[in-house]
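Hi everyone, thanks for coming. Let me put the structure up on the screen, and then we can walk through it together.

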Amino acid sequence: MSTTTPTRAVWSFEAIGTVWSIETDAPLGPGIRRDVETAVAAFDRDWSRFRDDSVVARLAGGGGSAPVPPDAAAMLDVYVELDAATRGAVNPLVGDSLARLGYDARYSLVAQGDPIAAPERWRDIVRWDAGTLAVTAPATIDVGALGKGRLVDLVTGVVSRGIDGGFVVDGGGDLAVRGTPQRIGLEHPYDPRRVIGVVTVADAALCASAVTRRAWGEGLHHVLDARTGVPVRAYAATWAIAPDAMHADALATALFFDGGPELAASWGAHWVRMRTDGRVEWSPGSEAELFT
Amino acid sequence: MIRTTAVPRPVRAGAAFVGVLGMVALAGCAGTTTPAADAEETTPATTAPSSSATTDSGTDTGSVVGSAYTDGTYTAEGSYSTPESVETIEVTITLESDVVTAVEVTGDPQAAESQRYQSQFIGGISDEVVGQLVDDVSVSRVAGSSLTSGGFNKALQTIKSEAAA
């Protein structure tokens with residue numbers, strides 16, 4: 001991959017199941033790095049489905065409540081919009097559906113049986129207010145539709161408070177750009193050597209999702225239709241640009257379903273998505289340069 | 001596939017190109033030739049009468065011996081009807097050895113054309129996209145599916161080796 005600004009400093013680390021990098025003009029000092037690590041660790045401790053001691057893991061055990069994590073309302077409020085826009089395809093209680101197909105805390109990656117739908121009336125089960133997050137029936141919260149975007153925003157906040165210049169926070173497919181605009185290639189989901197187009201991102205976030213890499217068997221990958229618990233088949237990859245990464249990430253998920261484009265329009269966001277047959281769709285007025 | 005260079009709406013422009021293809025009468029040629037995937041963008045069009053590109057088009061079957069068309073850049077203006085309006089666009093084609101090496105469409109067949117697609121919320125739909133090699137494109141980074149962590153990769157490797165045993 002060619003780099004237009006080869007002199008910048010890059011700090012890479014692994015967190016929440018993917019590879020992160022933060023690119024800055026000058027190397028980040030130890031204080032900022034520590035603050036980033038603290039923010040990532042706190043988010044993981046609240047929301048990771050892949051550890052026993054997280055808030056969502058403890059709530060899944062049989063219901064119960066916990067002090068509300070700081071990002072709960074911000075994320076769950078967007079889930080309400082996602083749910084409405086996709087008519088139930090996106091649902092924060094999809095955790096058990098994912099685990100059923102093998103995407104569980106132990107990474108067993110073997111389906112345990114037929115797909116199971118997520119509880120349709122999740123808002124009766126998940127309750128949140130200023131003090132408490134409650135799950136009133138056995139069910140597992142999975143904020144995968146937008147959680148990584150939220151964490152990109154949190155890390156972006158830490159970095160922007162710590163340095164003056166521009167930077168890029170790349171959470172492995174979900175990224176935020178501050179300062180110098182970045183030309184970003186849209187990776188071909190079936191051939192990582194290729195890009196299907198280029199977008200320029202300036203002081204905004206670009207989030208991508210694809211069914212091809214986080215996949216572990218015939219038709220088994222991490223983007224499920226919550227209404228059935230079955231992995232999606234119509235779209236292979238999505239990209240969305242929004243002012244913040246949480247909304248871009250949410251759209252990158254919603255765009256696997258009908259209703260995603262309408263939600264993007266209501267948020268004033270742009271997007272590109274590739275169908276599994278290789279055809280590409282884009283938002284009205286999209287400024288992406290596509291190699292069609 | 002013909003790479004259009006009309007940015008930012010290359011594919012919508014591509015659809016428009018099809019609309020006027022008959023008028024510049026290159027349909028037989030364009031349908032049976034494969035332009036170089038990495039064709040350079042067209043230089044500003046040197047306008048030539050579109051009629052000069054239309055000779056013999058009716059008999060062209062694609063198995064061309066010798067050159068049916070004179071190399072060069074051709075420009076034509078065309079219009080086509082949509083439910084709401086008549087759109088006018090200008091199409092420039094570069095021909096080399098009967099191969100269309102570049103197509104440029106100017107003009108913006110805006111909202112009326114997009115109505116033909118599924119909904120007002122989708123700007124357009126392309127044919128299958130092959131893409132370009134990352135190394136051939138100037139980008140600072142690439143966004144796609146997120147890289148998976150060591151834990152996921154290790155588990156996947158275990159599954160694969162068990163499946164192979």
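Helices and strands here are DSSP runs, H or I with at least four residues for helices and E with at least two for strands, numbered from the N terminus. With that in hand, Asp203(A) sits in the loop between strand S9 (191–201) and strand S10 (205–210) of chain A.

Before going on, a word on bookkeeping. This is a predicted model, in which local features need pLDDT of at least 70 and side-chain atom pairs count only at pLDDT 80 or more, while totals for chains, interfaces and linings use all residues. Residues are numbered from 1 along each chain as its sequence is written, and chains are lettered from A and ligands numbered from 1 in the order in which they are written.

pLDDT is the predictor's confidence in each residue, from 0 to 100. Chain A averages 91, and 97% of the residues score at least 70. Residues 1–6 of chain A stay under 50. Where pLDDT is low, the predicted coordinates should not be read in detail.

Back to Asp203(A): its phi is near 45 degrees, a positive value in a residue other than glycine. Is Asp203(A) buried or exposed? A residue is buried if 20 or more other C-beta atoms lie within 10 Å of its own, exposed if 12 or fewer, and partly exposed in between, with C-beta atoms placed from the backbone. Asp203(A) has 12 C-beta neighbours inside 10 Å, so it counts as exposed. Arg87(A) also has a positive phi, near 50 degrees. You'll find Arg87(A) in the loop between helix H3 (72–85) and helix H4 (95–100) of chain A, and it is exposed, with 11 other C-beta atoms within 10 Å.

Now for the inside. A nonpolar core is a set of buried Ala, Val, Leu, Ile, Met, Phe, Trp, Tyr and Cys residues joined through C-beta atoms within 7 Å. The largest has 96 residues, and Ala248(A), Leu251(A) and Trp271(A) are among those with the most contacts inside it. Apart from it lies another core, of five residues, including Tyr69(B) and Ile93(B).

What does H7(A) pack against? For this, axes are lines fitted to C-alpha atoms, for helices over the stretch in contact, and angles run from 0 to 180 degrees between N-to-C directions. H7 (residues 245–254) and H8 (residues 260–267) of chain A have axes that come within 8 Å and cross at roughly 155 degrees. These two helices are therefore roughly antiparallel (angles over 145 degrees; under 35 is roughly parallel, 65 to 115 roughly perpendicular, the rest oblique). The contact, meaning C-beta atoms placed from the backbone and within 7 Å, involves His247(A), Leu251(A) and Ala254(A) of H7(A).

H7(A) has another partner too: the axes of H6(A) and H7(A) come within 7 Å and cross at roughly 165 degrees, so this pair is also roughly antiparallel. Ala248(A) is one of the H7(A) residues making that contact, and Gly149(A) is one of those from H6(A).

Last stop, chain B. Its secondary structure comes to four helices and six strands, in the order α-α-β-β-β-α-β-β-β-α along the sequence. Buried residues make up 36% of its 165 residues.

Technical notes. Contact = placed C-beta atoms within 7 Å.
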